[in-house]
Structure formats: C-alpha cells, structure tokens
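The following briefing is intended for a reader new to this structure. Please consult the sequence and the three-dimensional view while reading.

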Amino acid sequence: MIGIGTIVNCGTILVGGTVGMLLKKGMPERFRKLIFDAAATAVFLIGIAGVMENGLAAAADGSLSSQYMLVMLLSLVLGAVVGELIRIDRGFDWAAEKIKSIFPKTEGNVGEGFASSTILFCAGAMAIIGAIQDGVMGDPGLLFTKAVLDSISALIFGSIYGVGVLLSAGSVLIYQGLLTLLAAAIAPYLGDVVVSQMSLVGSAVLMLLAFDMWGIRKFNVANLIPAAFMPLLFSIIGNIF
C-alpha cells in the first residue's frame, strides 16, 4: 500500500512526542538543557553525514572529490528567496497561534517546537528518498526505519517543546504524503543524481537547524525548506530545454 510508510511515521512521532510530554513534568531543567544540546548534536551529525554521503565522490584510486557543490549553492540561495517570498515561517507562526488557542494552558514555545520538529522530520535525506521509494517502487522500508528514528527524536523534542512536536506529525503527513504521491507522476525526472542532490541540500538545511538550536546564530531555517526541491526544478528545466 503506497503511503503506509508515512502513516506509520506520523504515528511514531505522535507516540514519541506524547511520551516526551509526560516525561517533561518530572524532568529537572538541567536534564532538559542537556537533552536539547544532545538533540542538536544529533541533528548536526545527521546533516553532515548526509552532506558527506551525497556531496563527496570516491575515485578508483580511493581519493575523494566534491560533487554537486554548485547545485547546492544555487539551491540554497534560490530556495531561500522562494521561502522568503511565500513566508513559510508565517505559516508556522499561524499554526502555533491556532494550537495555542486550542490549548491555552500549553507550556513551552509551541511555534519553535513545531517549526524545529517539522524541519527535522521533513528536511533530511531519509524523508526525501524514503517518500520517493515508497511512491515509485512501493517500498516503505526506509520510511519505517525513519519512523523509529523520528520516534526517539520526538520523545526528546516533546520533553522540551511539548505539544508543538505533535503538530509536526501533520506536517510530515502532508509533506511526505504529497511527495510520495507525486513521485510516481514525476518518476522520469527522479534519477539517482537528482535524488542525491535533493538529499545533499536537505542535509545542509539540517546542519543550519543544529546551529539554530545551539543558539550559535539564529537562522530562519523554515524558509529554506524549498531549497531541497530546487535540484528537481533544475532537472525539469534541463529536460525541457
């Protein structure tokens, strides 16, 4: 059944986030800070692993060279422009205000939790490749693996941000669900190179999210989400012309 991987993924996020919210009540502040820093470290390592996997090519003699760097640069720049024009961050803020009105006694930064969790669950390579595999080949295996990892992340984020993490399950359902459904229709344009480029850009966005979480510098990471789809746009334009 196409889409079952995304459904399971959303379920594990809800379960993990709920458990995290329950643990939050009895967790000292020093543990929350340590867990948050550890979560940021994990996000950074996931991001840099994706960049290295998709941005480096090994030659026959074992030497390494970079690849797709220009595509990554153009994707990040153009994706940032698109994100700023359509103001994705305002969509996060609007959703946060809505959920605050539903749960007026909710603790924690709902908007930040929703935005950070959505980016973590959606911007990585596993979300892109897993959704494409599910849509093109009917293989949800990678999304099942992602679901397990996301449940752990949701538990950690749920203990810090609260209900905003649960809301991000809806983002995953829309994002991965649509990507899965679209994958079959645009399969001719989804070669290995395009998928690698999309994963590379998505992993770079995750690294920026980690810097944001550490407080090193504040990035408007939400508006960079379109960057992951720029390689696909480049491929379609290239095939047309």
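M213 touches F36, A39, A40, V43 and F157, leaving out residues up to four places away in sequence; contact means heavy atoms within 4.5 Å. This is a predicted model, in which local features need pLDDT of at least 70 and side-chain atom pairs count only at pLDDT 80 or more, while totals for chains, interfaces and linings use all residues. Residues are numbered from 1 along each chain as its sequence is written, and side-chain values use heavy atoms, with hydrogens and water left out.

**Nonpolar core**
- The largest nonpolar core has 51 residues, and M213 and V43 are among those with the most contacts inside it.
- Such a core is a set of buried Ala, Val, Leu, Ile, Met, Phe, Trp, Tyr and Cys residues joined through side-chain atoms within 4.5 Å.
- Buried means under 20% relative accessible area, exposed over 50%, and partly exposed in between (1.4 Å probe, protein chains only).

**Cysteines**
- The structure holds zero disulfides, a disulfide being a pair of cysteine sulfur atoms within 2.5 Å.
- For C10, the nearest cysteine sulfur is that of C122, 8.7 Å away.
- C10 is buried, with a relative accessible area of 8%, and C122 is buried at 5%.

**Residue L14**
- L14 is found in helix α1; helices (H or I, at least four residues) and strands (E, at least two) are DSSP runs, numbered from the N terminus.
- L14 is partly exposed, with a relative accessible area of 38%.
- Leaving aside neighbours within four places in sequence, L14 is in contact with L166 and A169.
- L14 and S168 lie 154 residues apart in sequence and 8.9 Å apart in space, C-alpha to C-alpha.
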